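Let's take a friendly walk through this model, one region at a time. Keep the structure open beside you and follow along.

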Amino acid sequence: MNSENNNGMSLIIKTVTRLTVGFIFIYGIYIVLHGHVSPGGGFAGGVIIALSFVNLMLAYGKEELYKRVPKTVLSLFESIGAIMFLSIALLGFTGGYFFYDWFVYKGEPFSIFSAGTMPLSNIAIAIKVASGLFAIFLVLILLRVTSGEEE
Amino acid sequence: MRWELNLLCVFIVLPLAGAFLNSLVARRFRKFSTLWSNLIIFILFLLSLVTLKFVNQYSVLVYKVGGWSPPFGITLVLDGLSAFMLLAINLISFTITLFSINYMEKFTAKGKFYTLFLLMVAGMNGVVLTGDIFNLFVFLEIASIASYALVAFGTEKDELEAAFKYIVMSTVASMFVLLGIGLLYSYASTLNMADLSSYLAQTEPALVVKFAAVLFLFGFGLKAAIVPFHAWLPDAHPSAPAPISAALSGLVIKALGVYVIVRMFFNVFGVTSEILGVFSVLGIVSMMVGVLLALGQWDFKRLLAYHSISQVGYIMLGLGLGTPLGILGGLFHLFNHSVFKPLLFLNSGSIEYITGTRKLNEMGGLREKLPVTANTSFIASMSIAGIPPFNGFWSKLIIIIACVEAGRIGYGFWAVLGSILTLASFMKVQKYAFFGKLNEKYTQIKEAPFLMQVSMLFLALICVFGGILILPGVREYFITPAVDVVVRGIAYKDVVIGAIK
């Protein structure tokens with residue numbers, strides 16, 4: 001490694017990552033939004049979104065990512081995802097039941113804007129899974145760095 | 001009837017919402033998160049008292065989640081047994097959160113503690129309320145995963161090791177349970193407990209059902225720490241912070257283990273004399289092995305953990321007799337154990353908070369310095385050893401009478417012997433910890449903070465007056481509905497399907 005690139009991997013990998021990471025991210029969003037009409041869903045899409053961040057971290061090193069995505073932001077998003085999912089379930093009480101499909105416009109089968117509360121729940125799950133999985137990855141990295149030192 | 005039904009979800013929604021809001025705001029508003037968590041558990045405790053009234057009024061309530069009808073949708077079922085467990089869980093959780101206000105100050109992440117604790121309570125409430133076996137598995141995992149993190153909460157070497165052992169063994173158990181659920185689903189094409197039970201009753205008993213039953217006995221037996229599957233408990237329970245040890249010993253092994261065994265075997269599969277025989281033998285083995293291993297312990301919390309194994313043995317013995325009296329004794333002992341064992345763990349936590357030690361031979365003469373801790377622990381020790389008039393005496397007496405009544409004098413003998421050995425073991429605790437000469441190190445110590453004293457006194461009061469619960473006129477509200485559910489056996493399906501209409 002030369003002095004210029006001592007954080008992260010080589011220039012080739014950085015360039016390729018820079019080109020592809022956006023596509024990976026968008027593909028994750030695609031999986032989430034089409035969760036109710038095609039295979040996939042909130043969890044799978046959330047994992048792909050988290051992987052796009054993991055990819056960035058592997059290529060550019062952890063300091064770069066810590067600057068942009070601090071741990072507090074991740075824990076914030078994780079809680080928000082969980083609370084959003086719970087609120088969608090709780091709003092079902094407007095129809096009389098917990099988890100009731102309160103969305104009035106049910107839409108056409110096999111189109112994106114359909115299936116009531118399911119796409120919303122998928123989005124909530126994706127937020128939770130993406131931030132949670134990336135937080136787990138960050139914690140594993142963190143433990144490896146500080147294991148030798150006294151805190 | 002609508003609002004009563006909607007109340008059932010509150011037991012799951014409120015702690016979940018509390019946990020996630022806690023993780024959102026705990027960093028900034030420390031006081032608020034403590035207050036908020038205690039308030040939620042207190043509300044749940046009050047609501048669980050209200051559910052006893054529902055059971056008295058309607059006998060069974062079935063809630064359709066999302067408005068989907070039962071064989072397809074998930075149901076929440078409140079019957080006598082669920083209400084009994086709900087009250088035990090939320091009552092003890094309330095005293096534990098009260099205790100942890102002061103106790104958890106010595107750990108840095110109190111907000112995280114409350115988040116995990118509320119998740120665990122949500123999981124346990126879900127397990128006892130759900131009427132769907134896969135949903136049960138999900139709640140089982142919520143409660144288990146929260147408890148793994150709580151066992152490792154101190155993040156010292158021993159705690160991490162114990163938590164790792166607990167994770168591995170408990171995950172193996174969960175996988176066995178999942179395999180059993182999968183086999184049952186492929187056989188019966190349904191996950192709803194009542195529906196599954198009626199399908200099993202219509203068909204010839206297939207080998208795969210027996211295999212699934214064995215898998216469940218292994219999986220839930222490990223969660224309940226019955227003896228061949230107990231190895232994780234003596235490490236995991238003492239390593240956790242004291243309030244969590246109290247919750248694990250008092251609630252988790254019962255809600256995730258004993259309760260589910262009762263529900264699956266008595267209400268879904270239906271018990272035969274062989275299954276009952278297995279329960280009784282496992283019960284006696286746990287009872288004796290637990291108490292014999294406990295006798296030699298010098299670590300206060302480890303001794304208590306071994307006694308948990310032994311006391312679960314009593315519960316299994318009572319249930320394994322299969323007679324109404326035996327089941328009454330077993331369930332009553334379940335409730336009593338979930339009162340005095342948390343109390344003992346809170347006592348050990350209080351001593352550890354003040355003196356910083358868990359070793360019995362480093363204590364001594366603490367009675368004069370810590371009157372509240374000493375007296376409540378005396379009451380709890382006498383309860384667990386089965387000395388009248390405390391609550392443990394009555395439930396052990398009922399179990400022993402039920403043994404004699406069922407013609408199992410030998411079982412009764414082991415129960416008496418186990419009780420005597422328990423007494424011996426707690427005599428040792430009292431002698432070394434509270435009587436004798438005060439260690440010179442501890443001349444300056446003061447009694448535990450006020451809220452810790454309040455929660456210990458509250459549990460001690462229940463220990464003293466717990467015997468009232470089986471008097472005629474009182475037991476109809478609390479224990480008899482639970483016993484009826486178990487005694488009715490596979491008639492559970494008719495009751496639940498009848499309530500759906």
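This is a predicted model: local features need pLDDT of at least 70, side-chain atom pairs count only at pLDDT 80 or more; totals for chains, interfaces and linings use all residues.

The search gives 1 cavity of 30 Å³ or more, and the largest cavity holds about 50 Å³ of space. Around this space sit Ser144(B), Tyr166(B), Ser170(B), Leu222(B), Lys223(B), Trp232(B), Val252(B), Ile253(B) and Leu256(B). Sorted by class, that lining has 6 nonpolar, 2 polar and 1 charged residues. Helices α6 (157-188), α8 and α10 of chain B each supply at least two residues of the lining, and α10(B) gives the most, with 3 residues.

Two of those helices turn up again when we move to an open space, the second largest pocket, as α8 (207-224) and α10 (242-269) of chain B each supply at least two residues of its lining, and so do α7 (193-202) and α11 (273-295). The volume of this pocket is about 510 Å³. To find its centre, go to Lys210(B), Phe269(B), Gly270(B), Thr272(B) and Ile275(B), the closest to that point of the 23 residues that line the pocket. Which helix gives the most to the lining of this pocket? That is α8(B), with 5 residues. By class, the pocket lining has 16 nonpolar, 4 polar and 3 charged residues.

Now turn to where the two chains meet. Here, 16 residues of chain B are in contact with 16 residues of chain A. Between them the chains bury about 1400 Å², and carbon and sulfur atoms account for 72% of it. On the chain B side, Val13(B), Phe20(B) and Leu24(B) lose the most area to chain A, together 34% of what that side buries. Helix α1 (2-25) and strand β1 (61-64) of chain B each supply at least two residues of the side that touches chain A. The most comes from α1(B), with 10 residues. That side of chain B divides into 9 nonpolar, 4 polar and 3 charged residues. How many salt bridges does the rule find across this interface? The count is 0, while 1 residue pair is in polar contact there, with both residues at pLDDT 80 or more.

In one of them, the side chains of Lys128(A) and Glu78(A) meet at 3.2 Å, N to O. Lys128(A) lies in helix α5 (residues 118-146) of chain A and Glu78(A) in helix α4 (residues 71-91) of chain A, so this pair ties together parts that are 50 residues apart in sequence. Side chains of opposite charge can pair when their charged atoms come close.

Finally, stop at two spots in the backbone of chain B. Most residues other than glycine have a negative phi, and most peptide bonds are trans. Thr155(B), although not a glycine, has a positive phi of about 50°; look for Thr155(B) in the loop between α5 (133-151) and α6 of chain B. The peptide bond from Pro388(B) to Pro389(B) is cis, with omega near 5°, and Pro389(B) sits in the loop between α14 (371-385) and α15 (391-405) of chain B.

Technical notes. Residues are numbered from 1 along each chain as its sequence is written. Chains are lettered from A and ligands numbered from 1 in the order in which they are written. Side-chain values use heavy atoms; hydrogens and water are left out. Contact means heavy atoms within 4.5 Å. Buried area is the accessible area (1.4 Å probe) that two parts lose on being put together, summed over both. A salt bridge is a side-chain nitrogen of Lys or Arg within 4 Å of a carboxyl oxygen of Asp or Glu. A polar contact is a pair of N or O atoms within 3.5 Å; within protein, one must be able to donate a hydrogen and the other to accept it, and residues adjacent in sequence count only if both atoms are side-chain atoms. Helices (H or I, at least four residues) and strands (E, at least two) are DSSP runs, numbered from the N terminus. Ala, Val, Leu, Ile, Met, Phe, Trp, Tyr, Cys and Pro count as nonpolar, Asp, Glu, Lys and Arg as charged, and the others, Gly among them, as polar. On a 1 Å grid over the protein atoms alone, a cavity is a set of points where a 1.4 Å probe fits but cannot get out, and a pocket is an open set with protein on both sides within 12 Å along at least five of seven lines; lining residues have an atom within 4 Å of a point. Grid points are joined across faces, edges and corners, and a volume is the space filled by probe spheres set on the points.
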